[in-house]
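Subject: Structure handover

Dear colleague,

Please find the structure below, together with its sequence. After it I go through what was found, topic by topic.

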Amino acid sequence: MGNKIYKIGIIKGDGIGPEIIEEAVKVLDAVSTKMNFEVNYEEFLLGGIAIDETGVPLPDETIKGVQKCDAVLFGAIGGPKWDNLERHLRPETGLLGLRKAMGTYANLRPAMVYDELINASTLKPSVIQGVDLMVVRELTGGIYFGEPRENLEDKAYNTMIYTREEVVRIAKVAFDIAMKRDKRVCSVDKANVLEVSQFWRDIVEDVAKDYPEVELTHMYVDNAAMQLIREPKQFDVILTGNIFGDILSDAASMLSGSIGLLPSASTGNKVGLFEPIHGSAPDIAGQGIANPLATISSVSMMLKYALGEDEASQRIDDAIHKVLSEGYRTGDISAYDAKEVCATSEIGSLIADYVSR
Ligand code: IPM
Ligand code: MN
């Protein structure tokens with residue numbers, strides 16, 4: 001029998017997107033050779049570059065093309081060049097449209113602390129050592145997508161809507177993940193103020209009945225933001241809606257020391273979308289100094305969650321640890337125990353080398 005062949009959609013996007021994707025592809029090529037599977041790539045446009053080349057942030061070819069892939073790897077979008085466009089033409093609108101079109105309603109954002117980088121966080125080592133949590137963020141509903149929405153002369157509004165079906169399916173994802181972890185789910189909402197949050201909470205309680213082994217707690221989002229910084233080790237799985245998950249996952253990323261470290265997986269439908277949680281960092285784009293680890297780590301999540309190549313995924317995780325333990329760092333984490341400050345491409349090459357051994 002011949003090798004397995006996977007078709008991977010590649011979306012470089014804007015800013016540092018192309019640089020970090022290049023390193024991620026380097027690592028994926030290396031690990032596929034080592035593990036005897038093949039990867040074919042097809043590139044698609046999204047975001048600012050898509051606006052420049054086609055006039056819209058999410059071309060039809062991208063929507064159609066990604067459906068034919070086994071998984072999609074995405075860099076980042078956006079930048080000052082496109083900030084003043086009308087909302088429907090903004091790069092961000094393209095990304096939101098892609099998530100919706102792909103039906104990737106479950107966004108998994110792990111936050112862990114690499115022991116090698118224990119001093120890189122702005123928080124005390126005793127607070128963060130051993131942190132290993134997973135934010136399960138609902139990604140295709142809530143206030144990001146609610147109608148009506150309007151920006152008028154004297155008022156503006158958005159609407160936070162969740163349907164029963166949307167809450168049930170994301171809650172199940174969180175409980176299923178908890179079953180494979182420490183069996184604890186903390187659902188984060190604002191039920192003391194918002195009807196939609198009370199609705200969310202009641203439904204999560206219902207879903208929990210099917211998971212008697214999992215301990216469910218609830219927390220208001222303001223308190224959750226505080227608890228994440230105060231005592232992050234109390235969390236296993238954090239289940240939350242779209243906007244709260246956006247905010248809390250940025251906060252959680254700083255436990256690890258840099259937003260340049262953490263990956264994400266957006267799943268739910270046939271084809272998953274894998275991307276770093278950080279943005280396009282236009283201020284450092286093109287300088288070759290961006291941290292590629294979040295994107296390389298996203299490749300690891302893709303191998304595990306979308307392709308079932310667990311061993312390849314583990315190889316990447318091990319290689320990241322090795323590179324960090326040897327003291328190779330990009331600038332964002334270089335103030336701490338760095339032996340050598342490396343360029344984006346050097347880190348990628350080191351990891352590609354380690355996964356091949
Ligand atoms: C993220 C980003 C996006 C979001 C933006 C770019 C639309 O911040 O993936 O967290 O808010 O979801
Ligand atoms: Mn965000």
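A residue is called buried when its relative accessible area is under 20%, exposed when it is over 50%, and partly exposed in between, with a 1.4 Å probe and protein chains only. By that scale Asn36 is exposed, because its relative accessible area is 52%. Please keep in mind that this is a predicted model, in which local features need pLDDT of at least 70 and side-chain atom pairs count only at pLDDT 80 or more, while totals for chains, interfaces and linings use all residues. Residues are numbered from 1 along each chain as its sequence is written, chains are lettered from A and ligands numbered from 1 in the order in which they are written, and side-chain values use heavy atoms, with hydrogens and water left out.

Helices and the residues beside them

Helices (H or I, at least four residues) and strands (E, at least two) are DSSP runs, numbered from the N terminus. Helix α1 covers residues 17-35, and its 19 residues reach 26 Å from the first C-alpha to the last, close to the 27 Å expected at 1.5 Å a residue; the expected span is 1.5 Å times one less than the number of residues. Its buried residues include Gly17, Ile20, Val27 and Leu28.

Helix α10 (residues 293-305) has 13 residues and spans 18 Å, close to the 18 Å expected. This helix is mostly covered, with 11 of its 13 residues buried, among them Leu293, Ile296, Val299 and Met302. In the loop between β12 (272-276) and α10 sits Ala281, another residue other than glycine with a positive phi, here near 40°; Ala281 counts as partly exposed, because its relative accessibility is 23%.

The surroundings of ligand 1

Which residues surround ligand 1? They are Glu92, Arg99, Arg109, Arg137, Tyr144 and Asp246, where a residue is near a molecule if one of its heavy atoms lies within 4 Å of it. This shell divides into one nonpolar, no polar and five charged residues; Ala, Val, Leu, Ile, Met, Phe, Trp, Tyr, Cys and Pro count as nonpolar, Asp, Glu, Lys and Arg as charged, and the others, Gly among them, as polar. Domain 1 (1-109 + 255-357) and domain 2 (132-253) both give residues to the shell, so ligand 1 lies between them, the domain bounds coming from an automatic or database domain assignment.

A polar contact is a pair of N or O atoms within 3.5 Å; within protein, one must be able to donate a hydrogen and the other to accept it, and residues adjacent in sequence count only if both atoms are side-chain atoms. Polar side-chain atoms lie 2.7 Å from an oxygen atom of ligand 1 in Arg99, 2.8 Å in Arg137 and 2.9 Å in Asp246. Taken alone, ligand 1 exposes 320 Å², of which the protein buries 78%; these accessible areas come from the Shrake-Rupley method with a 1.4 Å probe, and for residues only the protein chains shown count as cover.

Other sites

Arg329 lies in strand β13 (residues 328-329) and is buried, because its relative accessible area is 2%. A polar atom of the Arg329 side chain lies 3.4 Å from the backbone oxygen of Glu116. Finally, a cis peptide bond with omega of about 5° joins Glu147 and Pro148, and Pro148 lies in the loop between β5 (132-138) and β6 (150-151).

With kind regards
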